Amino acid sequence: MLKNIEPGICFFTGIAIFFPFLFTNNLIIRFVFVVIAVIINILTGRKFHILPNILLLLAIMIANIYPPDGKVYFEIGHFYITQGAIFFGLKKSLLLIGSVYISRFSIRKELVFPGKTGALFYKIFFYFEKLTELNLKFKKNIIEQIDQKLIEIEKSTSLNDAGKTKNHSFNIKLDFKQILFFVIINTIFWGLLLININLWRR
């Protein structure tokens, strides 16, 4: 069902759920949002690599060690690992990771808008999708790998066909399952946002 989901549904779902994700400050709820974003990516055929996400999470947490804030959990030399640093680092890393996966879900090269603007958006979506699918090998030159991928994308037949989108119209073929998916995902995200607001008021 989800592998055949309309690109337009993905686009509007991503827009609708990004607001509650962005304005949720509860760590547990934000983690749930990220897990859901990863799951819907996998169900719609996107690849998931756990190592880059772990490295990103650790890098952001390390970057937030200073200034020390809150209860000290343990020391590493002159570094104090505090409760504030861990929670703040987790929140920022989850915000970044979740934003990436929501964007990956909602932006697809199959999404076509009419006219020259549509052709431009097609190229942007195409580059974004291909770059987010890039599986970097950390033992090799990362910049060189990205450059090589950009060259491959530039030579891609699909990208060269972008100019043909000017005669296309933006149509979404809906069925009950896709509408149900849109409703369920939005209900979960907006429902959890309301829970977050109620927890914040207490």
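The model is predicted, with local features needing pLDDT of at least 70 and side-chain atom pairs counting only at pLDDT 80 or more, while totals for chains, interfaces and linings use all residues. Residues are numbered from 1 along each chain as its sequence is written, and side-chain values use heavy atoms, with hydrogens and water left out.

Stay with the second largest pocket, which holds about 230 Å³ of space. Its lining has 13 residues, of which F31, V34, F48, N53 and I97 are the closest to the centre. The elements giving two or more residues to this lining are α2 (27–43), α3 (50–63) and α4, and by class the lining has twelve nonpolar residues, one polar and no charged. A pocket is found on a 1 Å grid over the protein atoms alone, as an open set of points where a 1.4 Å probe fits, with protein on both sides within 12 Å along at least five of seven lines, and lining residues have an atom within 4 Å of a point.

Next, show α2 together with α4, whose axes (lines fitted to C-alpha atoms over the stretch in contact, with angles from 0 to 180 degrees between N-to-C directions) come within 9 Å and cross at roughly 25 degrees. That angle makes α2 roughly parallel to α4, a term for angles under 35 degrees, whereas those over 145 count as roughly antiparallel.

To see the contact, select residues including F11, I17 and F21 of α1 and L94, G98 and I102 of α4; its residues divide into eleven nonpolar, five polar and no charged.

Finally, turn to α1 and α2, whose axes come within 10 Å and cross at roughly 155 degrees, which means that α1 is roughly antiparallel to α2. Here P20, F21 and L22 of α1 make the contact with R30, F33 and V34 of α2.

Technical notes: Contact means heavy atoms within 4.5 Å. Helices (H or I, at least four residues) and strands (E, at least two) are DSSP runs, numbered from the N terminus. Ala, Val, Leu, Ile, Met, Phe, Trp, Tyr, Cys and Pro count as nonpolar, Asp, Glu, Lys and Arg as charged, and the others, Gly among them, as polar. Grid points are joined across faces, edges and corners, and a volume is the space filled by probe spheres set on the points. Angles under 35 degrees count as roughly parallel, over 145 as roughly antiparallel, 65 to 115 as roughly perpendicular and the rest as oblique.
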